Amino acid sequence: MELHRLTIHELRDLIQKGEVSPVRVVQDFLVRIGQMEDQIQAFNTLTPRTAVGFAKKFEEMQARREKLPPLAGVPLAIKDVICTKGVATTCSSRILENYVPPYNATVMARLNAAGALMLGKTNMDEFAMGSSTENSAFKKTRNPWNLGCVPGGSSGGSAAAVAADMCAGALGSDTGGSIRQPGGFCGIAALKPTYGRVSRYGLVAFASSLDQIGPLTKDVRDAAILLKVIAGHDPLDSTSANVPVPDYEAGLTGDIKGLRVGIPSEYSIPGMDPEVESAIHEAIRVLEGLGAVQEKVSLPHTDYAVATYYLVATAEASSNLERYDGVKYGYRTPRSEHLIDMYMKTRREGFGPEVKRRIMLGTYALSAGYYDAYYLKALKVRTLIRQDFTEAFKRCDVIVTPTSPTPAFKFGEKTDDPLQMYLSDIFTISGNLAGVPGLNVNCGFTKSGLPIGLQVIGKPFDEETILRVAHAYEQATSWHRERPRL
Amino acid sequence: MAKITRKEVEHVARLARLELTEEEKERMTAQLDSILGYIDKLNELNTSQVEPTTTVIPMVSVMREDAVRPSLKQEEALANAPDRQDVFFRVPRIIEG
């Protein structure tokens with residue numbers, strides 16, 4: 001049996017029943033990584049010894065017929081923006097190349113308690129700033145469906161590792177689409193939870209009012225399983241909400257009869273790939289076939305979301321990234337004359353071009369004389385974008401859109417024009433500004449064989465419904481069972 | 001008219017403690033100008049009656065017991081320091097001259 005092809009729930013069931021040893025599972029994934037990593041370049045760091053060590057512990061528990069934790073022996077990949085105690089956490093940046101966190105992020109503590117194993121840390125756009133993973137200081141991750149295309153970003157390493165069966169599932173982070181868009185480009189399930197649903201303690205901060213951690217998985221059931229483990233209030237993150245966490249897996253009933261699916265008229269934009277558009281229409285027909293009802297809705301401020309985002313996110317980033325000063329951790333320039341000179345050179349040598357661009361834009365937007373015109377203006381438009389969703393959700397239970405206007409693009413295609421790169425996030429960015437959850441599910445392929453992503457957006461803290469819709473869709477289709485030929 | 005001048009780029013870079021090469025200043029001015037030009041579309045909207053949103057969740061002060069709890073050990077906190085002396089982070093001299 002090719003264990004690496006299995007989903008989290010399939011592996012979990014085999015391990016819990018004692019039919020497969022966790023050591024065999026981990027070793028099978030390590031062999032797979034060994035075969036694929038040269039082509040895919042998904043990982044910044046691999047942690048095979050720790051993974052095998054924990055797997056042996058679970059194997060012994062299995063032999064003694066002891067009760068195993070729920071995800072015992074399930075191997076996962078973790079985006080390199082999530083702090084892992086004793087394991088380098090680089091954010092794919094020179095400035096954190098040698099940083100080894102002395103503590104675990106809350107999501108890591110929860111995954112460890114559930115018995116999940118970490119295979120390694122995945123590549124990403126530097127500090128999660130980008131939509132193609134090309135902004136990594138270390139390597140270019142390739143899309144498993146077409147090695148000439150980007151995997152999307154910024155969680156490109158996590159998405160590619162899942163799609164290429166190099167892990168059973170992965171964690172990513174999403175500030176403007178960084179889980180959902182690579183999920184769409186790589187043809188997997190990928191969920192950005194409601195802002196506040198998952199603790200951000202130990203997530204290296206990019207834009208604190210937008211960032212969320214979420215799962216990237218081979219099917220929707222797996223996303224439900226991982227969300228259940230990582231969600232919930234955390235006293236170490238006062239922005240994590242004290243809202244009960246339902247049993248998401250139990251909520252996957254397959255029943256969406258009478259559910260109102262909102263279709264926003266504003267998401268039919270110039271520049272939309274016709275193959276994406278027709279796949280989305282077909283997916284809506286599938287949902288109707290399952291008993292859902294189409295409802296036209298309006299999100300009138302959609303056209304302003306990208307502009308709003310690039311002020312809010314960069315302003316917060318410029319403040320969050322002030323901490324990289326070469327003093328307490330991270331890179332320090334080897335030559336400097338005095339303290340200020342050390343800061344300026346450290347940051348010049350440590351940050352890549354996109355990070356510098358965003359620090360500059362954010363600092364400008366917050367600077368004296370421009371604060372009201374740019375930053376405050378953006379905060380006000382954010383209110384309008386959020387109200388759009390509140391109004392739309394009075395008429396529907398979920399909203400469906402394409403995840404991205406196009407399928408995965410080629411390397412280098414958008415690197416010279418930052419604005420074009422930003423616009424590739426046009427359908428996901430509003431969700432972060434409004435704080436609502438969104439889920440990508442694969443809804444077909446282009447003629448050239450690239451995955452197309454359907455986004456299901458939900459009401460705040462109603463991940464249960466978007467998971468149920470996406471799962472029902474998966475049950476009615478077979479796209480999620482397709483695998484790239486590698 | 002240009003949205004941002006090269007002089008402003010130099011000023012902002014100083015505020016951000018970011019040294020830029022001449023070439024970077026040139027490129028940054030052009031790119032920021034184009035991005036700010038795009039962002040200008042926000043001015044199509046009248047927001048005089050709109051409250052700003054800084055966060056989507058209700059922000060309340062979170063209180064906890066004032067109790068001693070374990071925290072990072074000194075050695076752990078210093079372990080990633082680029083330069084240190086004894087139990088201190090060491091930095092280049094601050095006062096010129």
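Reply: Let us begin with buried area, which is the accessible area (1.4 Å probe) that two parts lose on being put together, summed over both. In this predicted model, domain 1 and domain 2 of chain A bury about 2000 Å² between them, with 69% of it on carbon and sulfur atoms.

Me: What makes these two parts of chain A separate domains?

Reply: They are called domains because an automatic or database assignment sets their bounds. For chain A that assignment gives domain 1 as 3-262 + 395-413 + 425-481, and domain 2 as 303-381. The C-alpha centres of domain 1 and domain 2 of chain A lie 28 Å apart. The contact takes 24 residues from domain 1 of chain A and 25 residues from domain 2 of chain A.

Me: Which residues of domain 1 of chain A lose the most area to domain 2 of chain A?

Reply: They are A:Ile95, A:Met129 and A:Phe206, which together account for 32% of what the domain 1 side buries. The residues of that side divide into 13 nonpolar, 8 polar and 3 charged.

Me: How many salt bridges and how many polar contacts link domain 1 of chain A and domain 2 of chain A?

Reply: The count of salt bridges between the two domains of chain A is 0. Polar contact, by contrast, is found for 10 residue pairs across this interface, both residues being at pLDDT 80 or more.

Me: Why is the pair B:Glu24 and A:Lys356 called a salt bridge?

Reply: The criterion asks for a side-chain nitrogen of Lys or Arg within 4 Å of a carboxyl oxygen of Asp or Glu. The closest N and O atoms of B:Glu24 and A:Lys356 are 3.0 Å apart, so the pair meets the criterion. Across the interface of chain B and chain A the rule finds 5 salt bridges, together with 19 residue pairs in polar contact.

Me: Which elements of chain B give two or more residues to the side that touches chain A?

Reply: These elements are H1 and H2 of chain B. The largest share, 9 residues, comes from H2(B). The side of chain B that touches chain A divides into 29 nonpolar, 9 polar and 13 charged residues. In all, 51 residues of chain B are in contact with 63 residues of chain A, and the two chains bury about 5400 Å² between them, 67% of it on carbon and sulfur atoms.

Me: What is the predictor's confidence in chain B?

Reply: The mean pLDDT of chain B is 93, and 97% of its residues reach 70 or more.

Me: What makes the backbone at A:Ser154 and at A:Asp165 worth noting?

Reply: Most residues other than glycine have a negative phi, and most peptide bonds are trans. The bond joining A:Gly153 and A:Ser154 is cis, with omega about 10°. A:Ser154 is found in the loop between strand E3 (117-122) and helix H5 (156-163) of chain A. A:Asp165 is a residue other than glycine with a positive phi, near 60°; A:Asp165 is placed in the loop between H5 and strand E4 (169-174) of chain A.

Notes: Residues numbered from 1 in each chain as written. Chains lettered and ligands numbered in written order. Heavy atoms only, no water. Contact = heavy atoms within 4.5 Å. Polar contact = N/O pair within 3.5 Å; in protein donor to acceptor, adjacent residues only side chain to side chain. Nonpolar A, V, L, I, M, F, W, Y, C, P; charged D, E, K, R; others polar. pLDDT = per-residue confidence, 0-100. Helix = DSSP H or I, 4+ residues; strand = E, 2+ residues; numbered from the N terminus.
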